[in-house]
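Please read them alongside the sequence and the coordinates.

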Amino acid sequence: MNLSRRLFRLSCSLSRFNLISNTALERKHHYPPPCLHSILHCSICHQFCTRPFLLSSRSFSRPPCSMDLKTVLDVLEQLAPLSLAESWDNVGLLVEPSKQHPIKTILLTNDLTVDVMDEAEAMTCDLIVSYHPPLFRPFKRLVQKDWKQQLAIRAIESGIAVFSPHTSWDSVKGGLNDWLIEGVGNGQVSVLSQALCSAHQKHRLEFTVRNEEGLDNILKDMRKTEKSETFQYSILRTEEEAQQVILNCPSSELTPTVQAILGNTTARQSLNIIQVQQPPLLGCGQGRHVVLDEPISIAVALQRMKKHLGLPYLRLALGNQKTLDSAVKSVAVCAGSGASVLQGVKADLYITGEMSHHEVLDAVSKGTSVILSEHSNSERGFLSVFKERLSAHLPESVTIIISQKDKDPLQVM
């Protein structure tokens with residue numbers, strides 16, 4: 001069979017099709033600037049996607065001394081693309097001042113509380129990077145009765161921008177979860193919940209036409225629609241001289257493309273629609289699992305995590321039939337509230353911020369021990385790491401400060 005490839009321009013209007021998932025339609029995709037991306041051609045699905053980012057401290061040419069908000073946001077995006085965040089999350093720029101001014105002081109915090117806002121105003125902060133989004137649920141009004149709305153109003157009045165990375169930091173390679181699992185020791189690390197390429201969803205359409213004229217008529221019908229879009233298709237000529245066509249179509253253009261194909265009787269009878277699976281972003285995703293190079297005891301794991309998190313106390317639940325001297329060969333971690341990510345994962349030890357009483361009982365019953373640090377204590381230590389990485393990408397005129405008022409609300413007395 002002879003194989004030929006063509007590129008053609010089609011005019012296709014945006015519309016919904018019943019095969020497109022709600023998630024694909026609703027989730028907005030953010031693409032990092034191309035200057036730091038290598039473009040990877042995925043031959044299996046005939047689409048382009050970006051390689052996973054490594055949140056590293058490698059330096060590049062420093063930007064101009066005076067930086068506006070947009071330039072700083074671009075740097076934050078380069079370090080951890082927002083497209084890596086979970087679909088339910090509320091990440092990115094949450095508060096934008098009406099009057100633009102140079103960014104001179106950035107305050108890093110795990111949570112934006114009243115005390116942290118007092119601290120930001122006292123230092124005339126220009127941008128707050130709050131790991132947890134202080135604004136999560138939609139507002140119908142901005143009033144003084146709700147403390148989070150008060151913070152939003154104060155940020156606007158003080159001309160302070162607020163940005164939240166949240167689960168994009170969790171997911172990115174070299175990010176929060178990779179930092180967390182480093183505390184227990186070296187080993188072979190893998191991702192628990194794999195992130196997928198954030199390129200636009202595509203479908204592959206396979207159909208047969210009797211001759212070149214039939215295909216030309218289909219293409220002609222496609223060109224009649226409104227917007228121009230480039231598609232790639234291949235033709236396989238069969239022994240009966242018919243033409244088998246394989247066409248890759250963005251999901252947003254699926255309806256007009258299918259309508260054009262249905263106008264041809266032979267194509268209509270042979271049409272097969274396949275949703276192309278997005279390729280994985282290696283090293284990115286939620287949670288981490290490590291098989292340690294050298295097994296350690298639970299007691300040693302506990303001491304290592306205390307040192308790594310800078311905490312005098314941690315909560316420990318020993319798995320059934322386990323003691324402090326029991327060997328730990330594998331560990332699974334998830335920063336924050338990690339039960340949903342850790343559930344069902346086989347490991348000798350779970351490490352996370354918080355789990356419910358019954359979630360701990362479930363883990364223990366399976367012989368898995370659990371270390372809990374309280375929610376934000378499993379995350380806050382990463383701010384120091386991120387400060388160094390962000391500093392390497394900003395001019396010396398920008399001061400980056402870690403909040404001294406930010407702390408976990410729960411204290412062991």
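1. Which residues touch the most other members of the largest nonpolar core? The model is a predicted one. In its core of 52 residues, Ile106, Leu127, Val184, Val331 and Leu390 hold that place. Helix α2 (residues 69-79) supplies the largest share, six residues. At least three residues come from each of domain 1 (69-166) and domain 2 (172-195 + 281-378).

2. Beyond residues up to four places away in sequence, Ile106 touches, among others, Val72, Cys125, Leu127, Leu390 and Ile401. A second, separate core has 17 residues, including Met222, Val245, Leu247 and Ala260.

3. An unreviewed UniProt entry gives a "binding site" feature at His132, Asp170, His375 and Glu379. These positions span 248 residues of sequence, yet they cluster in space, with a largest C-alpha distance of 13.6 Å. His132, Asp170, His375 and Glu379 are part of the lining of the second largest pocket.

4. Asp170 lies in helix α5 (residues 167-171). Its relative accessible area is 5%, so Asp170 counts as buried. The side chains of Asp170 and Tyr131 make a polar contact of 2.6 Å. Past its neighbours within four places in sequence, the contacts of Asp170 also include Leu176 and Arg288.

5. Glu379 sits in the loop between β17 (369-372) and α13 (382-391). With a relative accessible area of 2%, Glu379 is buried. A side-chain polar contact of 3.1 Å links Glu379 to Asn110, and Glu379 is also in contact with Tyr131 and His132.

6. Pro409 is in the segment after β18 (399-402). Pro409 is exposed because its relative accessible area, 73%, is over 50%. Pro409 and His375 are 34 residues apart in sequence, with their C-alpha atoms 9.4 Å apart.

How values were computed
Residues are numbered from 1 along each chain as its sequence is written. This is a predicted model: local features need pLDDT of at least 70, side-chain atom pairs count only at pLDDT 80 or more; totals for chains, interfaces and linings use all residues. Side-chain values use heavy atoms; hydrogens and water are left out. A nonpolar core is a set of buried Ala, Val, Leu, Ile, Met, Phe, Trp, Tyr and Cys residues joined through side-chain atoms within 4.5 Å. Buried means under 20% relative accessible area, exposed over 50%, partly exposed in between (1.4 Å probe, protein chains only). Helices (H or I, at least four residues) and strands (E, at least two) are DSSP runs, numbered from the N terminus. Domain bounds come from an automatic or database domain assignment. Contact means heavy atoms within 4.5 Å. UniProt positions are given in the numbering used here, feature names are shortened, and annotations may be inferred rather than shown by experiment. On a 1 Å grid over the protein atoms alone, a cavity is a set of points where a 1.4 Å probe fits but cannot get out, and a pocket is an open set with protein on both sides within 12 Å along at least five of seven lines; lining residues have an atom within 4 Å of a point. A polar contact is a pair of N or O atoms within 3.5 Å; within protein, one must be able to donate a hydrogen and the other to accept it, and residues adjacent in sequence count only if both atoms are side-chain atoms.
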